[in-house]
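Work through the exercises below with the sequence and the model open side by side. Each task is followed by a solution in steps.

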Amino acid sequence: VVQRYIERPLLVKNNTYKFDIRQWVLIRNISPLEVFFFSEFYVRVSSKPFSMSTESLVDPLVHLTNFAIQCHASTVGESDLMMSESDFRDEFEARFSSSAFQLLKENIRLVCLQGVKSGVSQLMECNGAFEWLGFDVMIDSDLNAYLIEANTSPDISYSTSITRRLVEAAMTSIIPLVLCDQPALETAYETSDTCSECLAGSLHWCRFCDFDDQSSLYPSHLTQSPLMNRNVYWKKSWLPPFLGVAHAVVDALETINEGNTTADDESEDEI
């Protein structure tokens with residue numbers, strides 16, 4: 001794969017550090033295509049100031065924003081290597097505007113959606129399955145969004161306090177979305193024709209709809225959709241081999257079960 005390097009990326013933290021954006025995407029069905037976006041992304045930041053000098057081009061801590069690389073930097077803590085969407089939004093809106101951020105977030109999702117649609121014809125179908133993807137997006141100095149790559153096994157470990165908050169909410173909400181029956185699903189999601197809840201910071205999976213009409217790709221919260229009879233592609237186990245997934249799943253299941261146990265269930269838990 002050959003990609004042209006973005007020579008003028010948008011920078012963060014006093015216009016100093018390079019970053020990319022990780023957006024989670026869930027594909028639940030390919031016929032018809034059902035794509036969900038997690039309501040918040042997070043930002044991965046380099047540990048060294050950005051530069052295009054000859055010396056810096058060989059330094060991964062300047063140019064590669066992957067947390068797996070940046071976490072080895074000895075001069076910064078993990079809190080310096082990641083930003084929540086809220087922190088990024090505050091900085092972004094201070095430099096530009098609130099409407100510019102909303103447009104940026106919409107463009108990020110559309111870029112991810114285009115990536116999904118470009119590969120749909122090569123996906124393998126399997127009833128009752130789904131895929132959780134991690135899309136990496138970069139923004140240039142003109143605020144254009146570029147898709148860098150899509151990961152079939154995104155890291156959902158508790159790598160930082162930022163990812164822990166997102167992972168817990170995403171895992172808790174994805175289980176009823178893909179596994180439970182329709183009544184449980186209807187109680188877990190509110191009906192909405194806009195993405196206002198996403199922009200307000202509510203943590204949930206939000207669906208894009210009307211894929212047959214290219215002029216109306218608008219976000220919509222899940223209302224009704226069959227679960228067990230759908231055709232979904234399946235390339236790997238739905239629990240891919242990344243660090244931390246076990247406790248993320250357990251925490252999600254425990255959260256779902258809170259308040260729904262009987263006296264017998266409580267006794268069984270104690271045993």
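The exercises go from the whole chain to single residues and pairs.

The model is predicted: local features need pLDDT of at least 70, side-chain atom pairs count only at pLDDT 80 or more, and totals for chains, interfaces and linings use all residues. Residues are numbered from 1 along each chain as its sequence is written, and side-chain values use heavy atoms, with hydrogens and water left out.

**Exercise 1. The whole chain**

Task: state how many helices and strands the protein chain has, and what share of its residues counts as buried.

Solution. 
- Step 1. The protein chain has nine helices and 10 strands; helices (H or I, at least four residues) and strands (E, at least two) are DSSP runs, numbered from the N terminus.
- Step 2. Buried means under 20% relative accessible area, exposed over 50%, and partly exposed in between (1.4 Å probe, protein chains only). Of the 271 residues, 45% count as buried.
- Step 3. A contact is a pair of heavy atoms within 4.5 Å. Among contacts between residues at least 6 apart in sequence, 70% join residues at least 24 apart.

**Exercise 2. Helix H5**

Solution. 

**Exercise 3. Salt bridges**

Task: for each of the pairs Arg22 and Asp136, Glu40 and Arg165, and Asp142 and Arg8, find the N to O distance and the location of both partners.

Solution. 
- Step 1. A salt bridge is a side-chain nitrogen of Lys or Arg within 4 Å of a carboxyl oxygen of Asp or Glu. By this rule there are 10 salt bridges.
- Step 2. Arg22 and Asp136 meet at 2.5 Å. Arg22 lies in strand E1 and Asp136 in strand E6, so the pair ties together parts 114 residues apart in sequence. Arg22 is buried at 5% relative accessible area, and Asp136 is buried at 2%. Both belong to a network of salt bridges that also links Asp20 and Arg44.
- Step 3. Glu40 and Arg165 meet at 3.1 Å. Glu40 is in the loop between strand E2 (33-38) and E3, and Arg165 is in helix H5, 125 residues apart. Glu40 is buried at 8%, whereas Arg165 is partly exposed at 39%.
- Step 4. For Asp142 and Arg8 the closest N and O atoms are 3.6 Å apart. Asp142 sits in the loop between strand E6 (131-139) and strand E7 (145-151), and Arg8 in the segment before strand E1 (19-30). Asp142 is partly exposed at 48%; Arg8 is exposed at 54%.

**Exercise 4. Glu85**

Task: is Glu85 buried or exposed, and which backbone atom does its side chain reach?

Solution. 
- Step 1. Glu85 is in helix H3 (residues 85-95) and is buried, at 2% relative accessibility.
- Step 2. Its side chain reaches the backbone nitrogen of Phe41 at 3.0 Å.
- Step 3. Not counting residues up to four places away in sequence, Glu85 touches Ser39, Glu40, Phe41, Phe101 and Lys105.

Terms used:
A polar contact is a pair of N or O atoms within 3.5 Å; within protein, one must be able to donate a hydrogen and the other to accept it, and residues adjacent in sequence count only if both atoms are side-chain atoms.
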